[in-house]
Amino acid sequence: MSSDPKKIETVLTENRIFKPDEEFQKKAHISSMRDYQELYKKSIEDNLGFWETAANELHWFRKWDSVLNEESAPVYKWFVNAKTNISYNCLDRHLNSATKNKAALIWEGELGGQRTLTYNQLFHEVNRFANALKKLGIQRGDRVAVYLPMIPELAISLLACARIGAVHSVIFAGFSSESIRDRVLDCEAKLIITSDGGWRKGNVLPLKNIVDEAVAGCACVKHVIVVKRGQGDPFPCHIKEGRDHWYHRIIDDVSSRCEPEQMDSEDMLFLLYTSGTTGKPKGIIHTTGGYMVYTYLTTKYVFDLKPEDVYWCTADIGWITGHSYIVYGPLMNGATILMYEGAPNWPDKGRLWKMIQDHSVTIFYTAPTAIRAFMKWGDKWPNKYDLSSLRLLGTVGEPINPEAWIWYHRIIGKDKCPIVDTWWQTETGGIMITPLPGCTPLKPGSATLPFFGIEAEVISDDGSQADAGILAITKPWPGMLRGIYGDMQRYKQTYWSKWPNKYFPGDGAKKDSDGYFWILGRIDDVVNVAGHRIGTAELESVFVEHHMVAESAVIGIEHELKGQCLVGFISLKEGIDTTDDLAQELKEWIGKKIGRFAMPEKIIFSPDLPKTRSGKIMRRLLRDVASGRTLGNISTLADASVVERLKVKYEED
Ligand code: WTA
């Protein structure tokens, strides 16, 4: 959502309240606000005791000497000196119970093929692949990049890496070869796991070819493992002798038992790259023990999991939501997870609703951008299917506008399913501010209250507590990031330099008289397009790489479906004509270099960009121009006529 103050107003006039459905409430883990408040109070007063109790629900090879060590803050250490393995907690831990032969993963391909893996089968598959990775020389601490479509092998790859202590770095399969290369080089990955292709809207994405292009510039990559997605023959791709290996071949002659490495609580579990305000993506570091406890507990309470649930999170595992709430959290809780390969509108716009009906899905977790698309496609699609199995809905990724919330509640949830609007970030590892479905009265558009053990504040510019301002997290929590890979200075600067000992997530927020949090979107130059966080600075540097572009400024403005969309203001080099073809070429350029999801909606050519006297582009004014607002303060501009001309031009376009 943009920083448009008008929009904030309309969100805040929302005063409908939805109490939990009685049936739901009766069976919930936390079934009254009194229980929530009591446990919340305890979780803050005896914070470490609270996390210790949670950790005791999981398996450790060795327990901790202390729960938290703050000596090297802001690099906090959780469950100090404890030893564990998250794949053990996802798999082995269930093998002595009835969960053993329960479906862990039900997968549907875009073309309709299905695969089901029980916990026991998944255990064996992960063990085999872990042994195959070892056979290729992958050791504890090595980085492994994963570039796969939404197929079971993606989840298997994460778990296999975790089992042998290799650090996975998943790259969303919509990224370009250049984006892959940047990420692979940054973490010096030794191996990449990909596939010959994946289905999306009836087309095959040539993932292996994209990886080939990326790897050409990466001396660190010694091996590429290729999952065969093509049925019968593989999709056309080149296999380089010695470097490339078919997944089905290398898992063929290895044992299906691989002892899990006993990882230190603070050993790195994974890296996940996310956008920052300066050009380069940040490799967010998550470690083993704290992340494990945090995703386990949040999944248990926020999704109120029961053994009979069929849980479906529609995110891609390439994003943090998929890491925490498709793979790790649900598996540690012994849930049955539904996973889907393809597009929501393939072969028609009823696909997701048909899948809910066919698999009797009980919990459905998606993003506001998707909900807005469903609304646009029309009620007739969900209305064609029996959605009565659903008992709980969730959203994540950006603020949900109340209209979309109400539609989701009525048309999908049939007025009986609570909606958990979960606020969190790649950096936080798991859900931070959220309703608990069996007790929290819901207000559409509000992520409501902090999770157990989490203390949040809204702080004004001068550092005092306020009703509206910037969100801060004032206590460390186990799921927190431990740094930015290769750049601890940037870690401290980005998240911990605004206030002493408080974490700065970079979001604006308001707190109402009930203590509910209303998240207002990013306050920096990071935009949130269709749930993907994109650094505008990163896009600007890509624009400037184009031989005709002199300078660029990228901003996000509100978009009906995507939440935000991108507008690129471009100033061309001398003597180059502005044409529609060139605008299109520049959009495609971003598509190619970053990925299609980041393509700007609009390109505006302008000979000059509005700048301060010190030469900083004033994106705030560009946002005013693009949203048709009156211009804000222009007194610091070097040349005020630039922005006036731009405004006229924008309105003409
Ligand atoms: C935004 C996704 C409002 C927010 C898990 C945050 C939200 C950024 C919500 C993180 C929500 C996420 N309400 N805003 N329920 N959930 N956001 O790292 O701006 O991809 O800082 O993590 O998304 O995006 P990320």
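The structure is a predicted model, in which local features need pLDDT of at least 70 and side-chain atom pairs count only at pLDDT 80 or more, whereas totals for chains, interfaces and linings use all residues. Residues are numbered from 1 along each chain as its sequence is written, and side-chain values use heavy atoms, with hydrogens and water left out. Helices (H or I, at least four residues) and strands (E, at least two) are DSSP runs, numbered from the N terminus.

**Salt bridges**

- The structure holds 33 salt bridges, a salt bridge being a side-chain nitrogen of Lys or Arg within 4 Å of a carboxyl oxygen of Asp or Glu.
- Glutamate 178 and lysine 593 are joined by a salt bridge with an N to O distance of 2.8 Å; because glutamate 178 belongs to helix H8 (residues 177–187) and lysine 593 to helix H19, the pair ties together parts that are 415 residues apart in sequence.
- In that pair, glutamate 178 is partly exposed, with a relative accessible area of 25%, whereas lysine 593 counts as buried at 11%, where buried means under 20% relative accessible area, exposed over 50% and partly exposed in between (1.4 Å probe, protein chains only).
- Arginine 243 pairs with aspartate 212, their closest N and O atoms being 3.0 Å apart, and since arginine 243 lies in the loop between strand S11 (223–227) and strand S12 (244–246) while aspartate 212 lies in helix H9 (residues 207–215), the bridge ties together parts that are 31 residues apart in sequence.
- Both arginine 243 and aspartate 212 are buried, and salt bridges with shared partners link Lys208, Asp212, Arg243 and Asp244 into one network.
- Within helix H6 (residues 119–135), arginine 128 and glutamate 125 are three residues apart, about one turn of the helix, and they form a salt bridge with closest N and O atoms 3.4 Å apart.

**Charged surface patches**

- Asp580, Asp581, Glu585, Glu652 and Asp653 form a negative surface patch, to which helix H19 (residues 580–593) gives the most, with three residues.
- Patches are made of residues with over 30% relative accessible area and no salt bridge, like charges being joined within 9 Å and nonpolar side chains (Val, Leu, Ile, Met, Phe, Trp, Tyr) within 5 Å.
- A patch of positive charge on the surface gathers Lys349, Lys376, Lys380 and Lys384; of these, lysine 384 is exposed, with a relative accessible area of 52%.

**Buried elements**

- Helix H20 (residues 619–626) is largely enclosed by the rest of the structure, because six of its eight residues are buried, namely Arg619, Leu621, Leu622, Asp624, Val625 and Ala626.
- Histidine 546, in the loop between helix H18 (536–545) and strand S28 (549–559), is buried at a relative accessible area of 3%.
- Not counting residues up to four places away in sequence, histidine 546 touches Lys573, Leu582, Glu585, Leu586 and Trp589, contact meaning heavy atoms within 4.5 Å.

**Backbone features**

- The peptide bond from alanine 73 to proline 74 is cis, with omega near 10°, and a cis peptide bond also joins tryptophan 346 and proline 347, with omega about -5°.
- Asparagine 81, a residue other than glycine, has a positive phi near 70° and lies in the loop between S2 and strand S3 (83–84).
- Aspartate 415, although not a glycine, has a positive phi of about 65° and is found in the loop between helix H16 (402–412) and strand S20 (419–422).

Technical notes: Accessible areas come from the Shrake-Rupley method with a 1.4 Å probe; for residues, only the protein chains shown count as cover. Lys and Arg count as positive and Asp and Glu as negative; His and the chain ends are not counted. The place of a charge is taken as NZ of Lys, CZ of Arg, CG of Asp or CD of Glu.
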